[in-house]
Amino acid sequence: MRYEALSDIGNVRKVNEDFLGAELLDVSGRPTGIFVIADGMGGHNKGELASKIAVENTINLLKEKIKQGYSDDNPAFIIESIIKSYEDSNSKIIKMASSNEEYKGMGTTLTTAVILHNRLYIGNVGDSRCYIFRGNRLERLTNDNSLVQELVFKGLITEDEARVHPQRNLITRAVGLDEVLKVDIYEKEVAKGDQILLTTDGLTSMISSEDIQSVLTSSESITKNCTVLVEKAKTNGGSDNISVINILI
């Protein structure tokens with residue numbers, strides 16, 4: 001398992017509120033990966049701090065839980081660990097925001113992918129995304145917690161219309177805003193040669209899924225993929241921070 005990651009401030013923003021991280025482990029003699037990406041919100045309310053706390057805290061907690069408690073007989077342990085790490089990150093951000101007026105209102109999206117024993121476990125809050133690329137086909141694995149995603153579900157707009165909708169940045173759920181946090185969980189079997197892509201909406205609001213698929217199909221390397229995807233998003237406007245993690249299993 002290998003990965004590459006890239007985060008760019010984009011063409012407009014003065015601060016990069018995205019944050020990402022990864023950890024490769026050995027569990028029961030098998031390679032295991034923890035990959036996390038976040039898009040902070042709050043602007044002057046320190047969205048960049050919220051995303052950093054969420055990513056680092058989630059990775060650290062998951063790493064320790066997986067090392068200490070994973071068993072082949074209890075794969076649900078990974079899901080439970082993801083949820084607990086999100087809840088802990090949520091509490092930490094809320095506590096910090098309540099103790100300092102400067103941080104009030106900060107929050108973040110949070111998307112986590114744990115790859116263990118040929119299985120992908122995903123935790124998601126907000127509108128950052130996880131995709132799988134297999135057989136030259138890109139499949140989106142997560143649903144956005146956003147206003148426009150609800151409109152898509154109701155059949156009021158299309159996915160293409162959602163990407164350029166004037167309210168596309170309005171998310172309906174974030175880490176650090178509410179005491180009770182609902183985490184969406186997804187699972188997928190994976191195999192050698194699959195690619196996993198984590199992105200913030202700075203990428204997906206600037207280029208279509210078809211364009212992402214085209215880049216991965218004509219791929220020279222996962223390093224090149226990250227560079228090309230970010231540059232395409234910037235060429236198309238780059239109105240937000242842009243972050244990607246590309247994993248090759």
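**A walk through the fold**

Modeller: Happy to. Keep in mind that this is a predicted model. Let us begin with strand E7 (residues 129-134), which pairs with E8 in the antiparallel sense over four bridges.

Biologist: Which residue of E8 is the bridge partner of Phe-133, and which is that of Tyr-131?

Modeller: Both answers lie in the pairing of E7 with E8, which is antiparallel. The bridge partner of Phe-133 in E8 is Leu-138. For Tyr-131, the partner in E8 is Arg-140.

Biologist: Which residue in the turn of the E7 and E8 hairpin has a positive phi?

Modeller: E7 and E8 form a hairpin, with two residues between them. In that turn, a positive phi of about 60° belongs to Gly-135.

Biologist: Which strands are at the edges of the sheet?

Modeller: The open sheet has five strands, in the order E1-E11-E10-E7-E8, with antiparallel pairing. Neighbouring strands are turned by 20° against each other on average, direction ignored. An edge strand pairs on one side only, and that describes strand E1 (2-8) and strand E8 (137-140).

Biologist: Which strands does H7 touch when it packs on the sheet?

Modeller: The direction of H7 makes about 20° with that of E1. As it packs on the sheet, H7 touches E1, strand E10 (195-199) and strand E11 (242-248).

Biologist: How are H6 and H7 oriented, roughly parallel or roughly antiparallel?

Modeller: The axes of helix H6 (residues 209-217) and helix H7 (residues 222-235) come within 10 Å and cross at roughly 150°. Angles over 145 degrees count as roughly antiparallel. Therefore H6 and H7 are roughly antiparallel.

Biologist: Which residues make that contact, and how many of them are nonpolar?

Modeller: H6 contributes Ile-212, Val-215 and Leu-216, while H7 contributes Asn-225, Val-228, Leu-229 and Lys-232. By class, one residue is polar, one is charged, and the nonpolar ones number five.

Biologist: Stepping back, why is the chain called as compact as a globular protein of its length?

Modeller: The chain has seven helices and 11 strands. For 249 residues the globule rule gives 18 Å, and the chain is close to that, so it is as compact as a globular protein of that length, with a radius of gyration of 17 Å.

Technical notes. Residues are numbered from 1 along each chain as its sequence is written. This is a predicted model: local features need pLDDT of at least 70, side-chain atom pairs count only at pLDDT 80 or more; totals for chains, interfaces and linings use all residues. Side-chain values use heavy atoms; hydrogens and water are left out. Axes are lines fitted to C-alpha atoms, for helices over the stretch in contact, and angles run from 0 to 180 degrees between N-to-C directions. Angles under 35 degrees count as roughly parallel, over 145 as roughly antiparallel, 65 to 115 as roughly perpendicular and the rest as oblique. Contact means heavy atoms within 4.5 Å. Ala, Val, Leu, Ile, Met, Phe, Trp, Tyr, Cys and Pro count as nonpolar, Asp, Glu, Lys and Arg as charged, and the others, Gly among them, as polar. Two strands pair if DSSP finds at least two bridges between them. The radius of gyration is taken over C-alpha atoms; the globule rule is 2.2 Å times the number of residues to the power 0.38.
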